[in-house]
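Notebook open, model loaded. I'm jotting down what I looked up, in the order I looked.

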Amino acid sequence: AIARETFRGAEIEPLVALTVGDARGRLRSLTGIGFAFVDHAKDRYREAFEELVPNLVPGGLLVADNILSHRDVLDAFVTDVVADPRVDSTVLTVGKGLLVCRKLAARG
């Protein structure tokens, strides 16, 4: 409800496809993603990352929440993402920690 209200207030609601609930199985079918916010079961972050990154547009962003507050579960994931050649990424010490990834343009 808060997300919908924010999108409405920013006058971008018609441009946003908000997915509420378990998105597994649906993520691979989404294409042309400009922004994705991941905040769900921490042991599934890697799965979401692998499903979303191929469908991000070049320059598209994936932001994962609670990176610092759940360091015990997410450290290996963050290490792997930082080394992933498909994205530039950094951890921001905002709130409980945000992993921000920007998809790079395809090389070749």
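How many bridges join strand 3 to strand 4, and do the two run parallel or antiparallel? I find 6 bridges between strand 3 (residues 87-92) and strand 4 (residues 98-103), and the two run antiparallel. Ground rules before I go on: this is a predicted model, where local features need pLDDT of at least 70 and side-chain atom pairs count only at pLDDT 80 or more, while totals for chains, interfaces and linings use all residues. Residues are numbered from 1 along each chain as its sequence is written, and side-chain values use heavy atoms, with hydrogens and water left out.

**Entry: the sheet**

My helices (H or I, at least four residues) and strands (E, at least two) are DSSP runs, numbered from the N terminus. I call two strands paired if DSSP finds at least two bridges between them.

Zooming out, I see 4 strands in an open sheet, order 1-2-4-3, with mixed pairing. Strand 1 and strand 3 stand at the edges with a single partner strand each, so one side of each has no neighbour in the sheet. On average, neighbouring strands here are turned by 10° against each other, direction ignored. Strand 1 and strand 2 pair in the parallel sense, over 5 bridges. In that pair I noted F35 opposite L61 in strand 2.

**Entry: helix 2 against helix 3**

How far apart are the axes of helix 2 and helix 3, and at what angle do they pack? I read 10 Å between the axes and an angle of about 25° for helix 2 (residues 45-52) and helix 3 (residues 71-83). That makes helix 2 roughly parallel to helix 3. For my own reference, angles under 35 degrees count as roughly parallel, over 145 as roughly antiparallel, 65 to 115 as roughly perpendicular and the rest as oblique. Axes are lines fitted to C-alpha atoms, for helices over the stretch in contact, and angles run from 0 to 180 degrees between N-to-C directions.

Next I listed who meets whom, taking contact as heavy atoms within 4.5 Å. Y45, R46 and F49 come from helix 2, and they meet L74, A76, F77, D80 and V81 of helix 3. By class, this contact has 6 nonpolar, no polar and 2 charged residues. In this scheme Ala, Val, Leu, Ile, Met, Phe, Trp, Tyr, Cys and Pro count as nonpolar, Asp, Glu, Lys and Arg as charged, and the others, Gly among them, as polar.

**Entry: what is buried**

I use buried for under 20% relative accessible area, exposed for over 50%, and partly exposed for in between (1.4 Å probe, protein chains only). In helix 2, I have Y45, A48, F49, E51 and L52 as buried. Their cover includes strand 1 (33-38), strand 2 (56-65), helix 3, strand 3 and strand 4.

Which residues touch the most other members of the largest nonpolar core? Of its 21 residues, I get F49, L52, L62, F77 and L99. Strand 1, helix 2, strand 2, helix 3 and strand 4 each supply at least two residues of this core. A nonpolar core here is a set of buried Ala, Val, Leu, Ile, Met, Phe, Trp, Tyr and Cys residues joined through side-chain atoms within 4.5 Å. Leaving out residues up to four places away in sequence, F49 touches P54, L62, F77, V81, D84, R86, V87 and C101.

**Entry: single residues**

S89 lies in strand 3. It counts as partly exposed at 23% relative accessibility. With residues up to four places away in sequence not counted, S89 touches V81, V82, L99, V100 and C101.

D39 sits in the loop between strand 1 and helix 2. At a relative accessible area of 40%, D39 is partly exposed. D39 and A64 are 25 residues apart along the chain, yet I get 6.1 Å between their C-alpha atoms.

N66 has a phi of about 65°, is found in the loop between strand 2 and helix 3, and counts as buried at 8% relative accessibility. E11 has a phi of about 60° and lies in the loop between helix 1 and strand 1. Is E11 buried or exposed? E11 is exposed, with a relative accessible area of 70%.
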